[in-house]
Amino acid sequence: MTQPSAWRPTRRRLTDTLLAALAPVVVCGLALAWLTSWVGMGNAGSPARIAVPKGRVYLPYGDSTETAAFFDVANTGGADDRLVEVTSSAAGGQITLGRHRMTGGGAATRAGVASAAVPAGRGLSMSPGGLAVTLAAEGDWREGDLMPFTLYFERAGVVRTSAVVVRPTS
């Protein structure tokens with residue numbers, strides 16, 4: 001019975017081993033270089049950056065305590081976000097997001113929405129004829145008062161702001 005011969009490194013075997021080990025290293029290096037240049041050119045995006053520079057809330061009319069608040073939301077980041085909730089210590093009861101739509105004959109309808117998109121590089125502007133925050137006024141509000149609000153975003157988190165109380169005709 002013959003003994004199996006021991007493995008001996010030959011030039012051919014060493015070359016094949018080196019090439020087999022070098023291929024994944026080169027591919028990883030090329031992928032890293034491509035990703036670095038892609039990020040360097042700004043293509044990787046950035047997280048949502050939310051600012052709420054101004055808000056207004058309507059002074060309740062007559063005996064009603066129900067009113068609406070409107071905010072301009074800016075998203076200067078590179079990712080879309082969503083407004084998912086609004087709270088305020090100055091409001092009583094539930095605060096909801098909703099869309100107002102005009103129907104024939106000058107009537108309006110309101111449909112609740114679970115959230116509102118805040119597109120990257122643009123934002124969201126609430127208005128009486130579109131998206132609004134519906135709430136019940138608590139206490140004695142006067143024109144010019146500042147009411148605290150907290151807006152909750154899916155990605156950006158919590159943004160605290162205030163809204164000035166205005167007459168609905170302003």
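A: The description below begins with one aspartate and then turns to other strand residues, the salt bridges and a pocket.

The model is predicted, so local features need pLDDT of at least 70 and side-chain atom pairs count only at pLDDT 80 or more, whereas totals for chains, interfaces and linings use all residues. Residues are numbered from 1 along each chain as its sequence is written, and side-chain values use heavy atoms, with hydrogens and water left out.

Asp81 is found in strand E3, residues 81-87 (helices, H or I of at least four residues, and strands, E of at least two, are DSSP runs numbered from the N terminus). Asp81 is buried but has no salt bridge. Buried means under 20% relative accessible area, exposed means over 50%, and partly exposed lies in between, with a 1.4 Å probe and protein chains only. A salt bridge is a side-chain nitrogen of Lys or Arg within 4 Å of a carboxyl oxygen of Asp or Glu. The nearest side chain of opposite charge, that of Arg155, is 5.6 Å from Asp81 (Lys and Arg count as positive, Asp and Glu as negative; His and the chain ends are not counted).

The side chain of Asp81 instead reaches backbone nitrogens: that of Arg155 at 2.8 Å, and that of Ala156, which lies 2.8 Å from a polar atom of this side chain. A polar contact is a pair of N or O atoms within 3.5 Å; within protein, one must be able to donate a hydrogen and the other to accept it, and residues adjacent in sequence count only if both atoms are side-chain atoms. Not counting residues up to four places away in sequence, Asp81 touches residues including Ala48, Ile50, Val118 and Phe153, where contact means heavy atoms within 4.5 Å.

Ile50, Val118 and Phe153 are also among the residues touched by Val73, again not counting residues up to four places away in sequence. Val73 is found in strand E2 and is buried, with a relative accessible area of 4%. Val52 and Leu151 are likewise among the contacts of Val73, and both are in contact with Thr161, leaving aside its neighbours within four places in sequence. Thr161 is found in strand E10, residues 157-166, and is buried at 17% relative accessible area. A polar atom of the Thr161 side chain lies 3.2 Å from the backbone oxygen of Val52.

A search of the whole structure finds 4 salt bridges. One of them joins Arg167 and Glu143, with the closest N and O atoms 3.1 Å apart. This pair links distant parts of the chain, 24 residues apart: Arg167 is in the segment after E10, and Glu143 is in the loop between strand E8 (131-137) and strand E9 (146-153). Arg167 is partly exposed at 44% relative accessibility, as is Glu143 at 46%. Another salt bridge pairs Asp16 with Arg12 (3.7 Å, N to O). These residues are separated by about one helical turn, because they are 4 residues apart in helix H1, residues 11-40.

Strand E2 (residues 66-75) also gives the most to the lining of the largest pocket, with 4 residues. Tyr58, Glu66, His100 and Arg110 are among the lining residues.

Key:
1 Å grid on protein atoms, 1.4 Å probe; cavity = no way out; pocket = protein on both sides within 12 Å on 5 of 7 lines; lining within 4 Å.
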